[in-house]
Number of protein chains: 2
Amino acid sequence: MIDEYVARIRAFNRFYTSIIGLLDQYLDSEFSLTEVRIMFELHHHPDGMTASDLIDLLNLDKGYLSRLLQNLEKKRLILKKQSERDGRVFKLQLSSKGSDDFLGLNNASQAQVKDILSKFTEADIMNLTGHMEAIRNIFDNRPHK
Amino acid sequence: MIDEYVARIRAFNRFYTSIIGLLDQYLDSEFSLTEVRIMFELHHHPDGMTASDLIDLLNLDKGYLSRLLQNLEKKRLILKKQSERDGRVFKLQLSSKGSDDFLGLNNASQAQVKDILSKFTEADIMNLTGHMEAIRNIFDNRPHK
DNA sequence: CAAATGTAGTTGCTTTTGTCAACTATATTT
DNA sequence: AAATATAGTTGACAAAAGCAACTACATTTG
């Protein structure tokens, strides 16, 4: 019985994976997916984050992250400022070039979604977002059984 | 105006990407994601597919695919049978061991979704699948504007 | 038909991405 | 002060993927 629902959810997951795959083509930018995710997080935490924050949030290996951050710093996309209270940690922030680049990617991604939506009627778009938010609510309110 | 919807859809994409990421933990199997996708396609095309079919369907490099298929063959998971009509092409199929292994993965994945669903009420599950199918319909009926 | 062109798949070489463990430096606990 | 813990770095390596040249077979075209 429940198996029927499981099958339908998995079918949706496969379907939506391919939708998202379509959109991730914006990755033929100069940045890898992981770099974009890092920039995304830094953009949304303008007060600064630490490498450890990113490791937890994005599930990255700390050695790998360390090198990614070195590259981003070499390209002048991020700033690392050593904490005064704790000499082991560094506050990470996008530089203004980093912000510009990130916003450029973000705009491209937005334009791409917009382009796909141009094939839909306005009613469809409203329904689409409605269903999406409904799904999200169901997940977010999960522990209520 | 439309930008508001675009933003909401992108937020959903990020959200759902993380949901799917959770589920793809079943990849700590002995197979890579791409290998599983190949097995999935072969499973769903029991009459056999060619390497070219897989290249188109999964967007793979043909050199890379060639080696993946060699590995799967070495592990006795797939069968390659040269076509009689065209000596260049090979029909690919899961071997019975390949089918067994794939079904094992599939069951694990199904169990994982089931486990997540166990946190939801039955009403939520019904709503969830309803919204998912509604989304899918909107995409599938897209060129109707 | 023979030459040219096209297609399926393979191979060698390289790059990108990611993992693991050992290490340094600083902080915290005992 | 010694032991333990934490943040981040480094070296060595493995896995995943991409690119281009190549082989073998097929199809087209003059």
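Visitor: Let's start with H5(B): what covers the buried residues of this helix?

Guide: A residue counts as buried if 20 or more other C-beta atoms lie within 10 Å of its own, exposed if 12 or fewer, and partly exposed in between, with C-beta atoms placed from the backbone. Here, the cover over the buried residues of H5(B) includes H1 of chain A, plus helix H2 (33-44), strand E1 (78-82) and strand E2 (90-94) of chain B. Those labels are DSSP runs numbered from the N terminus: helices are H or I with at least four residues, strands are E with at least two.

Visitor: What should I know about the model and its numbering before going on?

Guide: It's a predicted model: local features need pLDDT of at least 70 and side-chain atom pairs count only at pLDDT 80 or more, while totals for chains, interfaces and linings use all residues. Residues are numbered from 1 along each chain as its sequence is written, and chains are lettered from A and ligands numbered from 1 in the order in which they are written.

Visitor: Which residues of H5(B) are the buried ones?

Guide: Gly98(B), Asp101(B), Phe102(B) and Ser109(B). They sit on the same side of H5(B), because their arc around the axis is only 100°; the arc is taken over the directions from the helix axis to the C-beta atoms. Over on the other side you'll find exposed residues, including Lys97(B), Asp100(B), Asn107(B) and Asp115(B).

Visitor: Which residues of H1(B) are buried, and what do they pack against?

Guide: The buried ones are Val6(B), Ile9(B) and Tyr16(B). Their arc is only 95° around the axis, so they lie on the same side of H1(B). They pack against helices H1 (2-23), H5 (96-117) and H6 (122-140) of chain A. Turned away from that buried side are exposed residues, among them Asp3(B), Glu4(B) and Arg14(B).

Visitor: At what angle do H5(A) and H1(B) pack?

Guide: Two packed helices are described by the angle between their axes and the distance between the axes. H5(A) and H1(B) pack at about 105°, their axes 10 Å apart. That makes the pair roughly perpendicular, the name for angles of 65 to 115 degrees. Among the residues that meet are Val113(A) and Leu117(A) from H5(A), and Val6(B) and Ile9(B) from H1(B).

Visitor: How many residues of chain B are in contact with chain A?

Guide: Contact means C-beta atoms, placed from the backbone, within 7 Å. By that rule, 38 residues of chain B are in contact with 38 residues of chain A. H1(B) gives the most to chain B's side, with 14 residues.

Visitor: What is the phi of Asn59(A)?

Guide: Asn59(A) has a positive phi of about 55°, although it isn't a glycine. Look for Asn59(A) in the loop between H3 (51-58) and H4 (62-74) of chain A. Asn59(A) is exposed, since 9 other C-beta atoms lie within 10 Å. In chain B, Asn59(B) has a positive phi of about 60°, and Asn59(B) lies in the loop between H3 and H4 of that chain.

Definitions and conventions: Two residues are in contact if their C-beta atoms, placed from the backbone, lie within 7 Å. Axes are lines fitted to C-alpha atoms, for helices over the stretch in contact, and angles run from 0 to 180 degrees between N-to-C directions. Angles under 35 degrees count as roughly parallel, over 145 as roughly antiparallel, 65 to 115 as roughly perpendicular and the rest as oblique.
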